[in-house]
Amino acid sequence: MTEPDQTGDIHPPLQPVPKRVRKIVAVVDGSPESRVAIRFAAARASHITGGELVLFHCIRPGEFQHWMAVANRMREEAWEEADIMLRDEAEKLESRYSVQPELVIREGDPREELLKYLGEAPDIFGLALGAGTEGDPGPLVDYFTHHNIAQMPCPIFIIPGTMSVEDVDAMA
């Protein structure tokens, strides 16, 4: 057996490490806490090797409970609004952090759709969620950190919604 290195030098890995994509997912829902999590995810993705950002938005199906033609038009408008919101956010993040986010829009229960998406994508590095600024942490943080934590296919970053922009940038 060889003696441990006492010099404190950091040695390269014994085998070459393959380049891999490491996507960080952030939920875009317009809430103040999601903005903090998005900023953290973008900054973090820009600093890690192979880092990429995914902006995720889910449209709730309960919003379309009208006549068929009206419901279809409302669904189309919801998809258009979600697309515009994600593209606007992506544009801001591209200019600030030099990341080109992947945009994902799903329809359904946000918790279930997000969990399904995380399970489908093999290159997810982590999920960044913003905790509420007052009271309970918020429905997504609550959902993913209690009963469903064992089902998570990736780590979760919980970003306090009260963190300042400067704090987030310094940490990421």
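A: Let's begin with a term: a residue is called buried when its relative accessible area is under 20%, exposed when that area is over 50%, and partly exposed in between. Please keep in mind that this is a predicted model.

With a relative accessible area of 26%, Asp-83 falls in the partly exposed class. Asp-83 pairs with Arg-87 in a salt bridge, and their closest N and O atoms are 2.9 Å apart. Both belong to helix 2, and because they are four residues apart there, about one helical turn separates them.

Helix 2 also holds Arg-73 and Glu-77, again four residues apart, or about one turn of the helix. Their side chains form a salt bridge at 3.3 Å, N to O. Arg-73 is partly exposed at 40% relative accessibility, and Glu-77 is partly exposed at 33%.

Arg-39 makes a salt bridge with Asp-169, with 2.8 Å between the closest N and O atoms. Arg-39 sits in helix 1 and Asp-169 in helix 5 (residues 165-171), so this pair ties together parts that are 130 residues apart in sequence. Asp-169 is partly exposed, at 25% relative accessibility.

Terms used
Residues are numbered from 1 along each chain as its sequence is written. This is a predicted model: local features need pLDDT of at least 70, side-chain atom pairs count only at pLDDT 80 or more; totals for chains, interfaces and linings use all residues. Side-chain values use heavy atoms; hydrogens and water are left out. A salt bridge is a side-chain nitrogen of Lys or Arg within 4 Å of a carboxyl oxygen of Asp or Glu. Helices (H or I, at least four residues) and strands (E, at least two) are DSSP runs, numbered from the N terminus. Buried means under 20% relative accessible area, exposed over 50%, partly exposed in between (1.4 Å probe, protein chains only).
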